[in-house]
Amino acid sequence: MKRLICASLFLCLFLIQTVWAENIIISTGSKKGNYFKFGLRIAKLLQAKGYPVTVVNSKGSVENLERLIRKEAHIAIVQKDALAWFRRKKPETEGKIDTIAELRDECVFVVARKDGKVEDDGDLQETGVKIATGKIGSGSNVTWNYMCQLEKGFKKATSIPKGGTRAINKVLNKEYDAYLFVLTPDPENKLIKLIANNDELTFIPVTDWDLNDKLDGKPIYKFEKVVYQKGFFDKKVKTICTSAIVVASTDLDDDLLDDLSDILLEYKSYILNGE
């Protein structure tokens with residue numbers, strides 16, 4: 001009888017190891033970015049439950065989604081609007097990617113010169129306007145492309161795949177008219193503070209109602225008043241915000257998806273802040 005119990009236990013352990021023998025790949029973002037940090041923390045929590053997990057960096061949301069479809073990754077962190085854009089571009093992927101949870105808000109910021117020709121998002125729908133929108137494949141670049149799908153007028157502007165402080169400097173020297181980027185709405189963010197403290201630059205409102213689209217019945221963008229500088233009277237700009245979300249291949253085992261969902265709900269603060 002004792003031998004039978006031992007044999008049964010050995011068989012159960014063998015089956016569990018066999019089921020989870022495949023390494024789980026989480027596709028994130030730049031190694032210097034927050035998505036990579038989030039992925040490492042999610043991996044640590046999954047590993048504590050016995051799953052073998054590897055975190056890989058990427059060029060951004062588009063590459064993450066493509067990896068899921070090509071079965072080169074199992075879990076990914078992407079922008080919500082990037083998923084909507086991806087589904088529109090590749091409708092055959094419908095039903096192959098499941099949204100597990102939202103992590104945090106991410107908002108669109110558009111910066112321009114105070115004496116420039118761009119004062120609101122309507123000016124971004126004019127021929128001849130040059131706007132930097134981040135590297136191809138980045139979240140910011142995908143956001144701009146999706147905005148162009150929802151509001152055809154944005155296609156009139158010339159999109160330049162550049163970003164960061166280099167793009168800001170080109171706005172200052174009037175080579176570009178504006179620069180669009182996507183960040184967590186935090187007035188302490190280095191890039192936001194840099195712009196807010198520059199007397200020659202201003203944040204442009206983004207309020208076009210054609211951007212009011214939905215994904216799985218929920219709005220992709222929320223129209224918000226975002227604080228970009230704290231003070232006696234906080235300085236705010238009206239803009240659109242989306243979400244950073246965790247997605248996974250629908251081919252994954254239900255037990256793994258349930259465990260992932262539990263982790264994202266119970267340990268969200270740790271995943272975002274490391275505490």
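A residue counts as buried when its relative accessible area is under 20%, as computed with a 1.4 Å probe on the protein chains only. The structure examined here is a predicted model.

**Exercise 1.** Identify which cysteines a disulfide joins, and characterise the link.

*Solution.* Step 1: the count is 1 disulfide. Step 2: cysteine 107 and cysteine 241 are joined, with an S to S distance of 1.9 Å. Step 3: the angle about the S-S bond is 100°, and the link is right-handed. Step 4: because cysteine 107 belongs to strand E4 and cysteine 241 to strand E12 (residues 235-249), the pair ties together parts 134 residues apart in sequence. Step 5: both cysteine 107 and cysteine 241 are buried.

**Exercise 2.** Describe the lining of the largest pocket by residue class and by element.

*Solution.* Step 1: the pocket holds about 1200 Å³ of space. Step 2: its lining comprises 37 residues, with Ser30, Gly33, Ser138, Val182 and Leu183 nearest the centre. Step 3: elements giving two or more residues to this lining include helix H2 (34-48), strand E4 (97-113) and strand E7 (178-183). Step 4: the largest share, 4 residues, comes from E7. Step 5: the lining divides into 20 polar, 9 charged and 8 nonpolar residues.

Terms used
Residues numbered from 1 in each chain as written. Predicted model: local features only at pLDDT ≥ 70, side-chain atom pairs only at ≥ 80, totals over all residues. Heavy atoms only, no water. 1 Å grid on protein atoms, 1.4 Å probe; cavity = no way out; pocket = protein on both sides within 12 Å on 5 of 7 lines; lining within 4 Å. Points joined across faces, edges and corners; volume = space filled by probe spheres on them. Nonpolar A, V, L, I, M, F, W, Y, C, P; charged D, E, K, R; others polar. Disulfide = S-S within 2.5 Å. Buried < 20%, exposed > 50% of the residue type's maximum accessible area, 1.4 Å probe, protein only.
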